[in-house]
Amino acid sequence: MPQTVKGVIARAKGAEVELVDIVVPDPGPGEAVVKIDACGVCHTDLHYREGGIGDNFPYLLGHEAAGVVESVGAGVTDVAPGDFVILNWRAVCGQCRACRRGRPWYCFDTHNAEQKMTLDDGTELSPALGIGAFAGKTLVHAGQCTKVEPGVPASVAGLLGCGVMAGLGAAINTGGVGRGDTVAVIGCGGVGAAAIAGAHLAGARRIIAVDIDARKLDKANELGATHTVNGAREDVVEMVKALTDGFGADVVIDAVGRPETWKQAFYARDLAGTVVLVGVPTPEMKVEVPLIDVFGHGGSLKSSWYGDCLPSRDFPMLVDLYLQGRLPLDAFVTETIAIGDVEAAFDKMHSGDVLRSVVVL
């Protein structure tokens with residue numbers, strides 16, 4: 001039977017979010033209902049509320065989540081009721097040209113649940129990133145559920161569902177950071193801080209954190225940065241070069257996603273170095289760079305989609321590293337909040353006071 005639970009929705013562009021009753025249907029073929037234990041408050045949810053991603057209101061917000069599978073539909077074999085899972089928004093299809101070439105992290109045909117969750121009056125909801133996890137329970141495609149060890153707190157595990165995975169993956173998967181590399185990360189919010197942690201985990205010998213907020217630079221130090229640059233007071237390109245023997249970094253990660261920060265990343269890398277764009281730009285942004293500079297620097301200019309992660313590969317591995325004490329995921333949780341406090345958490349994003357607020361249900 002369909003169930004009614006509390007959930008946080010954005011009813012209209014720019015309006016404050018509301019805590020309302022939502023109806024979760026029984027899972028159909030290939031689907032699962034998950035009882036949500038915790039869900040991070042991600043900037044993407046704010047983008048949904050502001051109409052920056054689409055206009056399919058009302059949105060059921062929340063996507064950075066972990067919980068326990070309650071029930072599954074016909075044909076589901078990878079997860080079962082009682083499994084502790086992290087939700088992901090890129091359930092690979094296994095059939096598209098990327099999957100067939102052995103590159104499922106690029107899957108071009110990811111999928112979500114077919115059925116819709118609704119308001120109690122029958123109004124269909126658009127779940128954020130196909131998840132909608134600011135709710136007691138949510139309906140997803142079973143491929144969006146990745147089983148992991150249950151010993152990890154849900155408030156930590158859920159962070160791998162979006163922002164922290166994006167940053168870790170930008171360093172390890174997209175950037176290919178390895179032992180002895182030099183790395184610079186521009187922008188040390190949640191994603192950038194995770195990129196620093198990823199570079200440290202991969203064995204980089206020099207990790208340069210760049211931001212204009214001293215508090216974020218302090219947190220970067222805690223997560224493995226060896227040097228910091230305050231972009232409000234110092235020339236970022238010159239400082240990165242000075243800290244890398246005059247050459248520039250092997251990998252520079254732009255976790256901001258603005259033309260000026262991308263150009264800093266481009267010119268702060270070593271010859272044949274790699275630029276990774278993981279910060280999300282807006283549609284009107286443009287970059288102008290002399291083509292001879294692109295040729296002359298060599299190397300790679302990359303963008304990182306969700307950290308180029310494959311949830312079935314990366315989530316269990318990263319949880320194991322956390323349980324071994326090698327990946328400090330707890331450091332990303334600034335506060336835990338109730339489901340009714342999401343709007344206040346959005347306000348805190350603007351002040352820079354938090355890496356992550358996490359809703360605990």
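Predicted model: local features only at pLDDT ≥ 70, side-chain atom pairs only at ≥ 80, totals over all residues.

Is glutamate 222 buried or exposed? I found glutamate 222 exposed, with a relative accessible area of 57%.

Residues are numbered from 1 along each chain as its sequence is written, and side-chain values use heavy atoms, with hydrogens and water left out.

**Salt bridges**

I searched the whole structure and got 14 salt bridges, each a side-chain nitrogen of Lys or Arg within 4 Å of a carboxyl oxygen of Asp or Glu.

Back to glutamate 222: its salt bridge partner is lysine 219, with the closest N and O atoms 3.2 Å apart. I placed both in helix H6 (residues 214-222), three residues apart, about one turn of the helix. Helices here are DSSP runs of H or I with at least four residues, strands are runs of E with at least two, and numbering starts from the N terminus. Lysine 219 is partly exposed at 22%.

Next I looked up lysine 6, which meets aspartate 21 in a salt bridge of 3.0 Å, N to O. Lysine 6 is in strand S1 (residues 3-10) and aspartate 21 in strand S2 (residues 18-24), so this pair ties together parts 15 residues apart in sequence. Both are partly exposed, lysine 6 at 46% and aspartate 21 at 29%.

Then came glutamate 70 and lysine 137, whose closest N and O atoms are 2.5 Å apart. This pair links strand S5 (residues 64-72) with strand S9 (residues 137-141), across 67 residues. Glutamate 70 is partly exposed at 30%, but lysine 137 is buried at 15%.

I also jotted down a salt-bridge network of Arg49, Glu50 and Glu343.

**Rings**

I counted seven aromatic pairs. The rule takes rings of Phe, Tyr and Trp (its six-membered ring) with centres within 6.5 Å; planes under 30 degrees apart are stacked, over 60 edge-to-face, and the rest tilted.

Tryptophan 89 and tyrosine 306 are a stacked pair, 4.3 Å centre to centre with 15° between the planes. They sit 217 residues apart. Tryptophan 89 is partly exposed at 22%, whereas tyrosine 306 is buried at 4%.

Last entry: ring pairs join Tyr48, Phe57 and Tyr59 into a cluster.

Technical notes. Buried < 20%, exposed > 50% of the residue type's maximum accessible area, 1.4 Å probe, protein only.
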